[in-house]
Amino acid sequence: MTSYSKEVIADLVAGTLPWPQTRRIMSAYKDDDRFFKYVAVLQDRVGWKDPILLPVGDHLFICQSGDERVTKCECGHSFGDYRRNWKLKAAIIVRDTEESLREIYPNSDLPDPDWMEIREFICPECGTLHEVEAAAPGYPIVHDFEPDLEGFYRDWLGKPLESSTRAIPGEV
């Protein structure tokens with residue numbers, strides 16, 4: 001089995017590897033410690049020390065922050081408990097008029113604003129666009145997923161994660 005260095009994984013994440021090498025890495029069996037190298041590369045890219053437990057997106061992570069697990073932007077902004085929908089604490093742009101939709105669909109057909117709106121979820125601190133949803137007007141904001149962190153680390157990675165038993169803030 002091939003094993004790649006942290007430096008090669010960093011180049012892969014940065015998108016600076018030549019395509020043939022990128023393709024070989026993507027197509028090959030993954031080394032047993034690939035996830036940990038990947039997280040270490042991501043950790044090196046952020047300016048804070050809270051350990052990254054799981055990437056949620058390109059610039060969004062679940063982290064251990066003291067005795068809490070939070071969803072955190074690459075800039076350091078915390079969206080709060082990872083079990084809560086982080087999008088509810090994001091800055092949200094809702095495109096629900098022909099004029100606002102035309103900003104992102106300037107030369108093509110656009111969705112009917114009576115039937116669909118585009119929601120952009122942005123970090124209120126650094127302005128990073130983290131996610132976009134297309135939904136019917138009035139449809140609730142989607143909570144994408146709530147990972148079983150302990151199960152993922154124990155069953156998939158073979159390295160148990162210290163359990164966090166804190167209740168979700170505001171719940172009994």
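Author: A helix here is a DSSP run of H or I with at least four residues, and helices are numbered from the N terminus. The model is predicted.

Start at the end of helix 5. Gly158 follows helix 5 and has a positive phi, near 70°. Helix 5 itself spans residues 149-157. Its buried residues are Leu149, Glu150, Gly151, Tyr153 and Leu157. These buried residues pack against helix 3. They also pack against strand 1 (52-57), strand 2 (60-65) and strand 3 (68-73).

Helix 3 is the part to look at closely. It covers residues 34-45. Helix 1 (residues 6-14) is another partner, and the two axes come within 9 Å. They cross at roughly 65°. Angles of 65 to 115 degrees count as roughly perpendicular, so helix 1 is roughly perpendicular to helix 3. The crossing is right-handed.

Which residues of each helix make this contact? Helix 1 brings Lys6, Ile9, Ala10 and Val13. Helix 3 brings Arg34, Lys37, Tyr38, Ala40, Val41, Leu42, Asp44 and Arg45. By class, the contact of helix 1 with helix 3 has 7 nonpolar and 5 charged residues, and no polar ones.

Arg45 lies in helix 3. Leaving aside residues up to four places away in sequence, Arg45 touches Val13 and Glu74. Val13 belongs to the helix 1 side of the contact.

Now the aromatic residues. A pair of aromatic rings is described by the distance of the centres and the angle of the planes. The whole structure has 8 aromatic pairs. In one of them, the ring centres of Phe35 and Phe36 are 5.7 Å apart. Their planes stand at 80°. Planes over 60 degrees apart count as edge-to-face, so this pair is edge-to-face.

The cut-off for buried is under 20% relative accessible area. Phe35 has 17%, so Phe35 is buried. Phe36 has 27%, so Phe36 counts as partly exposed.

One aromatic cluster takes in Phe35, Phe36, Phe152 and Tyr153. That leads back to helix 5, where Tyr153 is one of the buried residues.

Terms used: Residues numbered from 1 in each chain as written. Predicted model: local features only at pLDDT ≥ 70, side-chain atom pairs only at ≥ 80, totals over all residues. Heavy atoms only, no water. Axes fitted to C-alpha atoms, helices over the stretch in contact; angles between N-to-C directions. Helix = DSSP H or I, 4+ residues; strand = E, 2+ residues; numbered from the N terminus. Parallel < 35°, antiparallel > 145°, perpendicular 65-115°, else oblique. Left-handed = near helix turned anticlockwise from the far one by under 90°. Contact = heavy atoms within 4.5 Å. Nonpolar A, V, L, I, M, F, W, Y, C, P; charged D, E, K, R; others polar. Buried < 20%, exposed > 50% of the residue type's maximum accessible area, 1.4 Å probe, protein only. Phe/Tyr/Trp six-rings, centres within 6.5 Å; stacked < 30°, edge-to-face > 60°.
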